[in-house]
Amino acid sequence: MSILWFALLGVGVLIGLFTALTVVVTGLGVYNANDVTFWVLPMAGYLFFALTAAGLTLLSSLPSVFGMKQYYPMAKRASLLAGATLLVGVMCKALDLGPITTLFNTVHLVISPNLSSPIWWMAILYGFYFTFVAVKFYFIHNNKWHSMGGKTFAVLALLLMFMAYTALSIVFGIADARPGFFGHFTAIYFAVTALTSGMAVLVLASHAHFAFSGGMPGEQVPVYDNLSKLFAVLIGAALFVFILRAVIGFTSLQGAFDGFRYIAATGIYRIEMWVGLIIPFIMMIIPVVRRSRLGLILASSFVLVGMFFGRLVMLLGAQIQPMGNLAETRPAFVTYFPSMYEFGIILLALSLSLLIYSIGVKYLRLDATPE
Amino acid sequence: MPNYAMVIDLQLCTGCGGCIIGCKNENNLPEGVRWSNKMTETLGRFPNVRYHYRPTLCNHCENAPCVRGCPTRALHKIEGGITAHDPDKCIGCRYCMVNCPYGVPNYTWDRPHKEWQDTTELIEGATYSPKALVDAVDAKGWPIFNPDPDVGYKAIRPVGVIEKCHFCPHRVREGLLPYCVEVCPSHARVFGDLDDPNSKVNELLGMFRAERLRPELGTRPKVFYIREFCPCVYERSKGAI
Ligand code: SF4
Ligand code: SF4
């Protein structure tokens, strides 16, 4: 099983690497993007993975930073997952910039910074955030949870998560030209859904692991039981912000929300709503489902699929209505379907994050707690 | 230091698109990219129908959101308040495309003028292939390559960065007009210094009620439209139903 699983991930990584190489050599022309819909699937991948990482970082900090000691058994796992999702998230963004010549230009983030740009803050803060998450995991792995370094990097990773997350929210929040990004409401939407998708990854990764490794150690049952309940609450909260966003989007008289209303009538919005929120919420409030491993695996998978589509909904809602002179010779709403290369980037991100986690499960004793 | 602006007289504009073509030639724009553009609108019900034509370009906003949001200062202000772009600093993040309310920045998705690299002859042995033609006239990129914008910008911008109208600073510095103004056959475009009380742009702004695009966003565009063209007369009525 293990060999087959690693072989499968290897194939995914190889296909993904071929895609990434094509993008780096030829540029973004291989994506089905254009000047109207210019932030598409790879950007949705970035949002999905980076926000999931934010949720996981917070969860992994519960015992070490907030003193909720009962959650130690999941902290190392959450910490590795945070690093893996953050890495692939940043990779998705890098593969959404351009060919190698453009990637070289990123040196100007350091030598020609623009402090009034939220994108600049986001890039820099995510750089530090990833470093701190990696160093934090290093300390945890060496069982130095409570050393000076361990504590410092746990706090720093959390702090940088908040800062990077804030910068990301402001990127959309200040886009006055595109109210379809829902302005600063997006910060709230991101906060709740980031936590929900982080929790979904933790629930899925843990229970899938226990399913294949012969069950959950007895002493961890109350921990994961609590997490399941928390997961149910989080899906409920995500459903609440989803409804709030729908109310804003549907009741606004501004034409800028027509794109959102258009997207809301499509399949991807329905997937976000039904698969990502309503169905898993119903599943999770039924105690017998919430206590079953299969129920948890299914519900968390559903949430993640829905959240991914949700990121695309958010991006496309603000873009599919051509703006200014771009509306010339175009229909009121443009259509978009990802190219094989865009799917390839997501495949790479998914395979790579799963590979890192699987290596962690196999070699890094992810349920280790402080002695 | 001048403060450049443009006034477009909609009564003089015939909608010929000469500015669009002129800009493409002057700045070697790749297929599908337009710095100088247009917005049209058709209103009414047949037979009472009207077609409105408005030439557009970068508004060189005083309060440019594209400049504020650009992470590496690739978009920046140069002399005269021109919103300029440096392709060597551009990281292709396309945040300017999010922030510009007018749809001005274009991202170069493919190698520019790549169709001119085609070696297929239309009639074998009788016509040039696109590539042979470019080589024959010793041009770069496409046969009518203009090297002039190389001063301060890149004559042809590379793949993977954005590009946009720059008010032709390579011409303005030489005392010439931006090329769209130069080629406009009906003199509908007037370019000048807003800080010079005697400039033509100020004369026109002092005479006519000017309109700017999406002023409510606070971008303070520096392209002004005057004299919406309408030759019609109609019979007055008392609020007919
Ligand atoms: S029109 Fe757009 S690209 Fe030009 S200065 Fe204004 S915001 Fe920037
Ligand atoms: S695409 Fe280039 S010019 Fe536009 S905001 Fe990003 S770095 Fe600046």
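Trainee: How do the residues of the shell around ligand 1 divide into nonpolar, polar and charged?

Mentor: This is a predicted model, in which local features need pLDDT of at least 70, side-chain atom pairs count only at pLDDT 80 or more, and totals for chains, interfaces and linings use all residues. Residues are numbered from 1 along each chain as its sequence is written, chains are lettered from A and ligands numbered from 1 in the order in which they are written, and side-chain values use heavy atoms, leaving out hydrogens and water. Ala, Val, Leu, Ile, Met, Phe, Trp, Tyr, Cys and Pro count as nonpolar, Asp, Glu, Lys and Arg as charged, and the others, Gly among them, as polar. The shell around ligand 1 divides into 8 nonpolar, 3 polar and 1 charged.

Trainee: Which residues come nearest to ligand 2?

Mentor: A residue is near a molecule if one of its heavy atoms lies within 4 Å of it. The shell around ligand 2 has 9 nonpolar, 3 polar and 1 charged residues. Of the 13 residues around ligand 2, those that come nearest are B:Cys70, B:Cys90, B:Cys93, B:Arg94 and B:Cys96.

Trainee: What volume does the largest pocket have?

Mentor: A pocket is found on a 1 Å grid over the protein atoms alone: an open set of points where a 1.4 Å probe fits, with protein on both sides within 12 Å along at least five of seven lines; lining residues have an atom within 4 Å of a point. Grid points are joined across faces, edges and corners, and the volume is the space filled by probe spheres set on the points. For the largest pocket, the volume is about 1000 Å³.

Trainee: Of the 30 residues that line the largest pocket, which are the closest to its centre?

Mentor: The lining of the largest pocket has 21 nonpolar, 8 polar and 1 charged residues. The closest to the centre of the largest pocket are A:Trp5, A:Leu204, A:Ala208, A:Leu354 and A:Tyr357.

Trainee: Where does the largest share of the lining of the largest pocket come from?

Mentor: Helices (H or I, at least four residues) and strands (E, at least two) are DSSP runs, numbered from the N terminus. The largest share of this lining is 8 residues, and they come from helix 14 of chain A.

Trainee: Which strand gives the largest share of the lining of the second largest pocket?

Mentor: The second largest pocket has a volume of about 750 Å³. Closest to its centre, of 35 lining residues, are A:Pro322, A:Met323, A:Gly324, B:Pro101 and B:Arg214. Strand 2 (37-45) and strand 3 (48-56) of chain B each supply at least two residues of this lining. The largest share, 4 residues, comes from strand 3 of chain B.

Trainee: Are helix 2 and helix 3 of chain A roughly parallel or roughly antiparallel to each other?

Mentor: Axes are lines fitted to C-alpha atoms over the stretch in contact, and angles run from 0 to 180 degrees between N-to-C directions. Angles under 35 degrees count as roughly parallel, over 145 as roughly antiparallel, 65 to 115 as roughly perpendicular and the rest as oblique. The axes of helix 2 (residues 41-64) and helix 3 (residues 72-94) of chain A come within 7 Å and cross at roughly 160°. Helix 2 and helix 3 of chain A are therefore roughly antiparallel.

Trainee: At what angle do helix 1 and helix 14 of chain A pack?

Mentor: The axes of helix 1 and helix 14 of chain A are 7 Å apart. The angle between helix 1 and helix 14 of chain A is about 140°.

Trainee: Which residues does a cis peptide bond join?

Mentor: Most peptide bonds are trans. In the cis bond here, omega is about 5°. The bond joins B:Phe46 and B:Pro47.
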